[in-house]
Amino acid sequence: MILKLEHINKAYHTGKLDVPVLHDVSLHVEKGEYVAIMGPSGSGKSTLMNIIGCLDRPDSGTYELNGEDVLGKDDNALAKIRLMNLGFVFQNFQLLARETALENVALPLVYAKVPKKERRERAREALEKVGLGDRVAFTPGQLSGGQKQRVAIARAMVNRPGILLADEPTGALDSHSSLQIMELFQQLNEEGVTVIMITHSPDIAAYARRVCDIFDGVISERNGQVNAAQQAERKAEAEAEEALARMRQRSAERLRHGSLTKEEPS
Amino acid sequence: MLENIRLAFRGIASHKMRSFLTMLGIIIGIASIMSIVSTIKGTNDALRDKLVGSGNNTVKVSLSSGGQELSIYDASSVPQNVQPIADETRQKIADLKTVKQVTLYNKRFVTDSSVFYGDNSVSQFNMYGVDDVYFDTVGYRLKTGRAFLESDYTLFRKVMILDQVASQKLFPDTDPLGKTVEFMGQPFTVIGVMYEPDDYEPDIQTVEDYYNNQDNSNGLFFIPKADWPIVFNYDEPENVIVKATSTDDMTTAGGAAAKILNQTITSTSDDTPKYQAEDLLGIVKSQQKLTAAANMQLIWIAGISLLVGAIGVMNIMLVSVTERTAEIGLKKAIGARQSAILGQFLTEAAVLTTMGGLIGVGVGVLLSYLINRFSGIPVAISIPWSAGAVLISMLIGVISGLLPAQKAARMDPINALRRE
């Protein structure tokens, strides 16, 4: 098992209030899996991603990565884990604007103390793999959104980590670029990379082979062991959403017919 | 490290105006310190050249009493309890590591006799009885004629060398070479006329300086030391001039020679004169200290502008860290250790101030030349100070970059990434 999170609790302490974010979250991921974590904003999915990415620590619970406990490690050890085992892809790309695509991709290799010549070779290879072999000298400003995200993916993969963590990777992209990114993820996953992706879009989540829902800090497996309470909650939620949709439709129709009178929905 | 320097240059280049303004404080501070130091060094070098002479490095070790050089002007003023210097004592001095050359000489300020040639005569002058290396050691050159030869000493030839003043007085119209003059009832043949190639202006600061200069203003007369007892009837105590191996060794060489000479004086009575080395270098140093002290306050003021510059650098670095929050967050997320981030920002600050320092040294050198050009104050550029100034600038960068760099290194990557 490549990832093993158990009974993770996390709350944010804002002044006197403790705002719970994650509640008893357990997540097991096998090597080579492709998992999407879905949830609306505020559901705690980003916090979960940060914990998986060794950027944040839970209040309680255990987390093993490659069979190794990570929560007991110090910051430098976590930095090394991020460097060697994890690749990050962000919604807003997070490329360094002044550096070329090649330099951006080579950045993790700098921290891994790879010699300069090898850095350039490996960064070029990684860019070729994402189909940007002809854009190595371009700065992010000269690239389209989809190309920027592909540079970011090349950067995430250049150190050959086992796990790719993507936080809304298509959030800032049009549907065509999104498709390309998803194809790239598919390809990486087929090569054996474990992909964990956060998204709020069902269309994107559909690319994953396994989907987990997170809602109000509680995680549940779709198509699987979902408990009755959560199911009921989900049902209520779905009904509410359906009602809302009907209401919107009706208002839209009324607007079209020129009637602007306000009416309570039945 | 190289990668950090590359990043630093790229960062500086992307904010040219801001970087320049930040550097300006350092530039002004370093430039003013450099020009002040150049002025101090220029004045000090000039002082040293004037007093010590350049490249001669000779130290007079003469019999003194009560801190004053003993003046022998007649038989009664010859100290009775000091013997002429023995050959082995001379050898001991010559063997000193700091000593390059030694010469012994007798000297009398002649008041009771004159040198005559025909109707012309000179009185009240310094007569020197010198050995065959004296001219070479002291650096006197012959204008015409020949120097003293070894045979002059072995054969007790009565020969004489004059300076140009004496020559002018005794032989206003004729060539002095080969002429015979009379001194103390003895005939002396003039064999040469000497001059001092280092034509320095006499530096008159004390009454003693004044009299010494007065003594020499009537001309200098040199005869072989071997003739001294013939002329004056007695062996007289001798004085010594040592040539030090380097200017910095002058004080040591003179002191060591005086010590060796004083060991030969056996008499312990209070009126016995002692050998004392003139300490020109010491005088120069104390004068140099005065100039330096007067200018030290200026350096402190310039130092304050450097401090202000350092604060400016810290301020801009703090702004830069805040601006680049997202970059720092990303770097930490992809695995940069705290030390890597710290190093990046420290390097950037150090590169910034080192550039400022280099420009400052350049401006300082330019300023020094302008000062020299328009006010005539001597300036000299000190290479160690220039190198030191650049190094100090680098240090300022590291120190003022420390706080901002630490702020960057300790940044929480989650908050940092969320900012954008």
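**Exercise 1. In the predicted model, determine in which sense strands E3 and E4 of chain B pair, and over how many bridges.**

Solution. Begin with the two stretches themselves: strand E3 of chain B covers residues 99-117 and strand E4 of chain B covers residues 120-130, and the two pair in the antiparallel sense over ten bridges. As a next step, pick out one pair of facing residues, and you will find that Val110(B) stands opposite Phe125(B) in E4(B). Then follow the chain from one strand to the other: E3(B) and E4(B) form a hairpin with two residues between them, and in the turn Gly118(B) has a positive phi of about 60°.

**Exercise 2. Find out whether E4(B) pairs with strand E9 of chain B in the parallel or the antiparallel sense.**

Solution. Strand E9 of chain B spans residues 220-224, and its pairing with E4(B) is parallel, over five bridges. One position to check in the structure is Val130(B), which stands opposite Pro224(B) in E9(B). As background, strands of a sheet pair through backbone hydrogen bonds, either parallel or antiparallel.

**Exercise 3. Work out the strand order of the open four-stranded sheet in chain A, and explain why one side of E2 and of E5 has no neighbour there.**

Solution. The order is E2-E1-E4-E5 in chain A, with antiparallel pairing. Strand E2 (17-29) and strand E5 (68-69) of chain A stand at the edges and have a single partner strand each, so one side of each is left without a neighbour in the sheet. Now look at another pair in this order: strand E1 (residues 3-14) and strand E4 (residues 60-65) of chain A are joined in the antiparallel sense over five bridges, and Leu3(A) has Leu65(A) as its bridge partner in E4(A).

**Exercise 4. Describe helix H6 of chain A, and decide where its buried residues lie around the axis.**

Solution. First consider the length: H6(A), residues 175-190, has 16 residues and reaches 22 Å from its first C-alpha to its last, close to the 22 Å expected at 1.5 Å a residue. Next, list the buried residues, which are Ser178(A), Ile181(A), Leu184(A), Phe185(A), Leu188(A) and Asn189(A). Seen down the axis of H6(A), the buried residues fall within an arc of 135°, so they line one face of the helix. The face turned away from this buried side carries exposed residues, among them Glu183(A) and Gln187(A). Finally, ask what covers the buried residues of H6(A): the cover includes helix H5 (145-157) and strand E7 (163-167) of chain A.

Conventions: Residues are numbered from 1 along each chain as its sequence is written. Chains are lettered from A and ligands numbered from 1 in the order in which they are written. This is a predicted model: local features need pLDDT of at least 70, side-chain atom pairs count only at pLDDT 80 or more; totals for chains, interfaces and linings use all residues. Two strands pair if DSSP finds at least two bridges between them. The expected span of a helix is 1.5 Å times one less than its number of residues. A residue is buried if 20 or more other C-beta atoms lie within 10 Å of its own, exposed if 12 or fewer, and partly exposed in between; C-beta atoms are placed from the backbone. The arc is that of the directions from the helix axis to the C-beta atoms. Two residues are in contact if their C-beta atoms, placed from the backbone, lie within 7 Å.
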